[in-house]
Amino acid sequence: MIMLQFIRKYKISIEKSLMLFDRIITPILCYGSDVWGFEYTECIEKVQLTFCKQILGVNMTTTNCAILGEELGRRPIAIKYHMTCIKYWLKILRMDKARYPKICYMKLLELHNVGRLTWAASICELLSRIGYRYVWNNQGVGNDDWFLATIKQRLLDINFQKWSSDLVEHSKMKVYRSFKGELEMEKYLMSITISEHSIVKI
């Protein structure tokens, strides 16, 4: 990865390396996610995971939850592209009926109502999966900004629960989970540059 070479060459800190990833790589990975962002995409998550392992200098077989959650406090990129997709859905709902996106959406909704698998059906499934089926049934909310903030918090909570569950399942994490209770970057990593360190494999 060219960016990784740049990071190592200029001895950029881990914290700033992650900022570069978020500002340069993540937007590319999430391009067009207003259309496809309703489902978890493993290949996209793998890009972040690989990058994190590379900047930490650990083996690719190192436990994933130990890298993303425990050391770096990272969240899945899925939270971003799920949010983008739901935000676009809300935008369509507020469009004038004469707008082409709204016309297409109404057609998709008709197909969904007769059991066809469409983009509308995928939005319905996403909202149902995170506990907001009633919003789909109502086809909208009163305050979009409030709802999006609520959705984001729900996705963060779901991710935290999964991370906590993964810690319990991994026997290697038994000691670590006794003192690691928050998803945040470990402070000792904030002052380390990529070329200066090597972290012991977990």
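W119 is buried, at a relative accessible area of 15%; here buried means under 20% relative accessible area, exposed over 50% and partly exposed in between, using a 1.4 Å probe and protein chains only. This is a predicted model, so to speak of local features a pLDDT of at least 70 is needed, side-chain atom pairs count only at pLDDT 80 or more, and totals for chains, interfaces and linings use all residues. Residues are numbered from 1 along each chain as its sequence is written, and side-chain values use heavy atoms, with hydrogens and water left out.

On to the rings. The structure holds nine aromatic pairs, where rings of Phe, Tyr and Trp (its six-membered ring) pair if their centres lie within 6.5 Å, and planes under 30 degrees apart count as stacked, over 60 as edge-to-face and the rest as tilted. One of these is the edge-to-face pair of Y88 and W119, with 6.1 Å centre to centre and 70° between the planes. This pair links distant parts of the chain, since Y88 sits in helix α6 and W119 in helix α8 (residues 119–129), 31 residues apart. Helices (H or I, at least four residues) and strands (E, at least two) are DSSP runs, numbered from the N terminus. Y88 counts as partly exposed, at 24% relative accessibility. Another pair, W89 with W136, is stacked, at 5.8 Å centre to centre and 25° between the planes. Here too distant parts of the chain are linked: W89 belongs to helix α6 and W136 to helix α9, 47 residues apart. Both W89 and W136 are buried. Back at W119, one aromatic cluster is formed by Y88, Y105 and W119.

Next, the pockets. A pocket is found on a 1 Å grid over the protein atoms alone, as an open set of points where a 1.4 Å probe fits, with protein on both sides within 12 Å along at least five of seven lines; lining residues have an atom within 4 Å of a point. Grid points are joined across faces, edges and corners, and a volume is the space filled by probe spheres set on the points. The largest pocket comes out at about 720 Å³ and is lined by 27 residues, with Y40, P76, N159, K162 and D166 nearest its centre. Two or more lining residues come from each of α4 (42–56), α5 (64–71), α6 (78–93) and α10 (144–169), and α10 has the largest share, six residues.

The second largest pocket has a volume of about 410 Å³. Its lining has 17 residues, of which I77, I79, K80, M83 and K152 lie nearest the centre. Here α6 gives the most, with seven residues, while α2 (14–29), α6 and α10 each supply at least two.

As for α2, this helix bends by about 35° at D22, the bend being the angle between axes fitted to the seven residues ending there and the seven starting there. Its buried residues are I14, S17, L18, F21, I25, T26 and L29, and they pack against α1 (2–9), α3 (33–36), α4 and α6.

T41, in the loop between α3 and α4, is buried at 17% relative accessible area. Leaving aside residues up to four places away in sequence, T41 touches W36 and Y81, contact meaning heavy atoms within 4.5 Å. K11, in the loop between α1 and α2, has a positive phi of about 50° although it is not a glycine.
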